[in-house]
Amino acid sequence: MDINNTLIKLMWRKVNYIFYCLIFLNTGIFGQIIIDENFDDWSSVSTYISDDTGDVVTGKIDFSVLKVDNDSDYLYLTFDTGEEINLQDNNQVVLLIDIDNNVNSGFSYNGIGADFVYEFGSRYGYYYRNGSTYSVYHSDIELMSLPTVTSDTFEMAFKRKFYADNYLVVLGNTIKVIVYDQSTGGDIIPDMSGGYSYQMKDNSSFVPLDLITRPDEDLLRIMSYNVEFDGYFDNEPPYQRLIKAISPDILCFQEIYDHTSAQVKTKIESYFGGTWYHSKIGDDLIVVSKYKIEDSYEIGGNAAFLIDLSDNKKILVINAHLYCCDNDSGRQKEVDQIMNFIRNSKAGTAAINIDENTPIVITGDMNFVGYNRQRKTLIYGDIFTESVYGSDFLPDWDNTYFEDALPRNLSYPACFTWNSPSSSYPSGRLDYFIYSGSVMTLENSFALSTDVSLEIFWININ
């Protein structure tokens, strides 16, 4: 389970919430690359290879920049494709690495001897040794790549030491790198024979973060947790330990199908004492809160909860569990519905209406693994089916976009929230915190790697 934890400082001044962003934490310390879809940290990487654009024969992918970096544990890469693709599916992009800088060993391609090959679209790799081939999977190399949705720029990291079958594979101090499109007439970077030569740097290891401790008792923490088919009730002790360690004030659960919100509330009260409030909407969405849940409403399989934080301070929390896998059209419909509801709620024409400058949080298991278009809808208010769900709008109170919290994984230099070694898909960012940044400012956020998805959110009220 994965935990996303977002720390927000929410101050009450007249009718405005003020929200402070300190999410950077140790990003950039010692030049550390973080796989977080931000790409700003790559600006400090001065050594890279560029490729002419427009040199593609018949393929659509047109590489222009390849950058490589490392710390003592991971190799980091970023490249652009010139075409929006899904790196985890339906492409023929291939990574080749000559791990020992020896053209006479490994698979011979464009002037290098590639000992390690990874085919992103097939989600499968190979290690070549003495004429034999050994399979390599994402779990073997701890592959972390983002974004999980379609994009024209990607970044990734994987271990410098890993096992292929029973062989320990170690990337040498000098390696050669090639990225190419295996489709007919596809592009390659670099064009010249011999690949991109990269010399390992003497960089420090990634230092795991410790953000679980609440830095300020006035902060309100909201947790979103996909407990995977009522797993919370099947094996409570590990869930109990996690929830008690995090000590949230509002909990948003997904995938609790066979139990009531009252049953969940009873468990939470047994951990912390006091009086807790609860509500269940639809098949699996439950919210348990220290604060009174004033109203709740189903939004096409997802749910809105209006929570009274006392002293006339309220927050609108959207708890979402979107369609999974390749159901892009289903997810797009759901996010269109959510944004239509938010617009109407702000305008006073929805089933739940909110006052001006009421904080809005959208959280949960979004299952964003297909088109980036769905994510843009939630952040930018870019409605897809305008004839049904209304025209595009700027969703935040100051007529700007919503913000994406990008919770950092505490244990890894990445922002992934889901990982399954048994799946063919590598770790990805499926769980989100999206919020109204005009009236809230992010203090910090994190994801805690476990077995299934869990997210959390903190707020301070003065």
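How many bridges join β3 to strand β4, and which way do the two strands run? Three bridges join them, β4 covers residues 65-70, and the two run antiparallel.

## Basis of the model

This is a predicted model, in which local features need pLDDT of at least 70 and side-chain atom pairs count only at pLDDT 80 or more, while totals for chains, interfaces and linings use all residues. Residues are numbered from 1 along each chain as its sequence is written, and side-chain values use heavy atoms, with hydrogens and water left out.

## The five-stranded sheet

Strands here are DSSP runs of E with at least two residues, and helices are runs of H or I with at least four, both numbered from the N terminus; two strands pair if DSSP finds at least two bridges between them. On that basis, β3-β4-β5-β13-β12 is the order of five strands in an open sheet with antiparallel pairing. Its edges are β3 (48-50) and β12 (144-146), each of which pairs on one side only.

## Asn 302 in strand β24

Asn 302 lies in strand β24, which spans residues 302-308. Asn 302 counts as buried because its relative accessibility is 0%, where buried means under 20% relative accessible area, exposed over 50% and partly exposed in between, with a 1.4 Å probe and protein chains only.

Polar contacts are pairs of N or O atoms within 3.5 Å; within protein, one must be able to donate a hydrogen and the other to accept it, and residues adjacent in sequence count only if both atoms are side-chain atoms. The side chain of Asn 302 has a polar atom 2.8 Å from the backbone nitrogen of His 321, and a polar contact of 3.2 Å links the side chains of Asn 302 and Glu 334. With neighbours within four places in sequence left aside, the residues in contact with Asn 302 (heavy atoms within 4.5 Å) include Ile 281, Leu 285, Tyr 297, His 321 and Ile 338.

## Asn 367 in a loop

Asn 367 is placed in the loop between β26 (360-365) and α6 (373-380), and Asn 367 counts as buried because its relative accessibility is 8%. A polar atom of the Asn 367 side chain lies 2.8 Å from the backbone oxygen of Leu 322. Not counting residues up to four places away in sequence, Asn 367 touches His 321, Leu 322, Tyr 323, Cys 324, Arg 331 and Leu 430. Asn 327 is 40 residues from Asn 367 in sequence, and their C-alpha atoms are 9.6 Å apart in space.
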